[in-house]
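Have the structure open while you read.

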Amino acid sequence: MSEQIRTLEPTALWNHFADLNAVPRPSKKEERVIQFMVDFANGLDLDVLVDEVGNVIISKPATPGMEDRAPVVLQAHLDMVHQKNSETVFDFDSEGIRMYVEGDWVKAKGTTLGSDNGIGVAMIMAVLSSTDIPHPPLQGLFTIDEETGMTGAKGLKEGLLKGEIMLNLDTEDDDELTIGCAGGIDVTAAGEYETEDVPEDHVALKVSITGLKGGHSGGDIHIGRGNANKLMNRLLSMAAENFEICLASIDGGSLRNAIPRESFAVITVPTDEKDELINAIHELEAVYQNEYRTTDPSLAIRVEDTALPDNVAMDYFMADFILAVYACPNGVFRMSPDMPGLTQTSNNLARILMQNGQYKVSCLTRSSIDTEKIDYAASVAASFVLMDAEIELEGEYPGWIPRPDAPIIQVMSNLYEELFGSPAKVSATHGGLECGIIGAKYPDMAMISFGPNIRDPHSPDERCQISSVQKSWKYLLETLKRIPGASSRSSV
């Protein structure tokens with residue numbers, strides 16, 4: 001299927017993307033893609049450095065006549081979110097992404113596409129491998145583990161980057177120039193619970209909530225899409241209130257930065273209540289489908305017989321756990337009072353795993369205001385502190401404070417309107433970008449982020465618009481031509 005991708009224009013860019021997507025590259029398992037990038041640089045006889053955490057930095061001298069321009073860092077991340085539909089048979093650790101073209105979009109068969117941030121990586125590779133693109137002194141910075149903690153950006157040392165300007169290629173709307181982003185912190189609640197044998201008169205049911213849209217827990221959180229963990233908890237609450245159920249397990253969501261699309265639970269119920277419970281669940285399905293008919297039109301609940309579990313949770317724990325999940329905040333907490341339409345603070349109830357006497361709940365709290373982020377994370381944690389869970393707050397990263405007066409922002413704003421006939425939207429994003437972390441280490445470097453239209457990232461519906469990639473590519477090349485002169489402090 002990648003052969004279809006390789007014929008798209010610009011062919012150099014799309015061929016680099018196809019090559020990259022043939023390399024498995026989950027977060028925290030980037031060894032193969034790091035070597036892929038080293039081999040790429042060596043094949044071009046370009047200087048390449050792999051730092052102590054695994055970031056790859058490739059340097060390319062300026063084209064003749066542009067040596068006096070400000071040095072530029074082109075930055076993207078190597079890892080991708082691995083999500084697939086439950087019915088999709090696919091091994092992310094060994095298989096390349098199965099891409100195909102549908103109209104003006106590149107998609108993947110039942111999995112995430114990896115255009116976040118593989119298209120950005122491919123754009124940089126196309127510039128580095130070119131022989132006819134004018135550009136100032138360049139460094140390509142390819143970070144690792146952006147999606148699950150930004151440990152690549154956090155581990156980047158001072159002094160390695162020589163740029164006065166950094167162009168981050170990790171924005172997903174081609175009419176936006178991003179100059180700020182939210183920070184985040186991971187909130188984890190975990191603990192143990194008492195179990196008991198399944199009551200003798202019970203049968204077991206597996207309940208599946210599927211078909212939700214999911215999406216990026218930063219960029220899509222304001223849309224109001226269903227959270228499978230919250231919907232499953234509401235279902236369990238209804239069942240516990242009206243029937244003599246026992247709870248054996250919950251397995252919902254996956255990654256912290258993905259809105260949960262699916263949740264699965266195993267419950268037991270007295271044999272004589274089984275049919276009535278199934279009817280009640282399907283009645284609730286109709287309620288959900290009405291409530292989420294606009295945002296999640298494919299939402300479905302399936303109930304099926306399953307083998308009796310080894311054990312079930314004690315009734316008191318089930319009651320406490322359902323209440324804690326109910327209390328846990330999810331979605332938008334506050335919109336920005338300063339930037340209309342921008343989510344300021346939110347939480348994603350991302351992952352619930354409960355089985356065999358142990359449970360773990362994972363959330364990602366985001367905010368462009370660090371103090372509000374910490375306070376809201378405490379509110380999230382409090383939901384589970386009340387049931388004596390062990391709480392971990394970790395993986396904190398700062399937001400990126402906008403610098404709208406930076407000259408490169410004016411240059412790129414004017415260029416956008418010149419090329420495309422309308423003003424660019426200069427704004428901040430609620431998603432996490434590495435610019436905040438890198439900017440703290442390189443405070444004199446001006447930064448701006450842009451990229452092509454990517455829809456439903458972090459979900460199997462992820463798709464990248466071909467015409468938009470062509471637009472962003474043109475914009476990048478023209479930007480490189482217009483980079484201003486270097487300051488006296490610049491060194492290459």
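Buried means under 20% relative accessible area, exposed means over 50%, and partly exposed is anything in between (1.4 Å probe, protein chains only). This is a predicted model, where local features need pLDDT of at least 70 and side-chain atom pairs count only at pLDDT 80 or more, while totals for chains, interfaces and linings use all residues. Residues are numbered from 1 along each chain as its sequence is written, and side-chain values use heavy atoms, with hydrogens and water left out.

Q: Why is Asp388 called exposed?
A: Its relative accessible area is 69%, and the cut-off for exposed is over 50%. So Asp388 counts as exposed.

Q: Where is Asp388, and what is its phi?
A: Asp388 sits in the loop between helix H9 (370-385) and S19. Its phi is positive, about 65 degrees, although Asp388 is not a glycine. Helices (H or I, at least four residues) and strands (E, at least two) are DSSP runs, numbered from the N terminus.

Q: Which other residue has a positive phi although it is not a glycine?
A: Lys28 has one, of about 70 degrees. Look for Lys28 in the loop between H2 and helix H3 (31-43).

Q: What makes the negative surface patch, and which strand gives the largest share?
A: Glu192, Glu390, Glu392 and Glu394 form the patch. Strand S19 (residues 390-397) gives the largest share, three residues. Patch members have over 30% relative accessible area and no salt bridge, and like charges are joined within 9 Å, whereas nonpolar side chains (Val, Leu, Ile, Met, Phe, Trp, Tyr) are joined within 5 Å.

Q: How do you know whether Glu392 is buried, partly exposed or exposed?
A: Glu392, found in strand S19, has 44% relative accessibility. That value falls in the in-between class, so Glu392 counts as partly exposed.

Q: Why is Gln75 called buried, and what does its side chain touch?
A: Gln75 is in strand S3 (residues 72-77). Its side chain makes a polar contact with the side chain of Thr143 at 3.2 Å and another with the side chain of Glu434 at 2.7 Å. A polar contact is a pair of N or O atoms within 3.5 Å; within protein, one must be able to donate a hydrogen and the other to accept it, and residues adjacent in sequence count only if both atoms are side-chain atoms.

Q: What makes Arg6 and Asp19 a salt bridge?
A: A salt bridge needs a side-chain nitrogen of Lys or Arg within 4 Å of a carboxyl oxygen of Asp or Glu. The closest N and O atoms of Arg6 and Asp19 are 2.7 Å apart, so the pair qualifies. The pair links distant parts of the chain, with Arg6 in helix H1 (residues 2-6) and Asp19 in helix H2 (residues 11-21), 13 residues apart. Arg6 is partly exposed at 21%, and Asp19 is partly exposed at 30%.

Q: How many salt bridges are found in the whole structure?
A: The search finds 25. Among them, Glu95 and Arg98 meet at 2.6 Å, N to O. Side chains of opposite charge can pair when their charged atoms come close.

Q: What makes Asn257 buried, and where is it?
A: Its relative accessibility is 5%, so Asn257 counts as buried. Asn257 is in the loop between strand S12 (246-253) and strand S13 (263-270).

Q: Which peptide bonds are cis?
A: Among them are the bond from Glu9 to Pro10, with omega near -5 degrees, and the bond joining Asp116 and Asn117, with omega about 5 degrees. Pro10 is in the loop between H1 and H2, and Asn117 is in helix H4 (residues 115-128).

Definitions and conventions. Areas by Shrake-Rupley, 256 points an atom, 1.4 Å probe, with all protein chains shown as cover. Lys, Arg positive; Asp, Glu negative; His and termini not counted. Charge placed at Lys NZ, Arg CZ, Asp CG, Glu CD.
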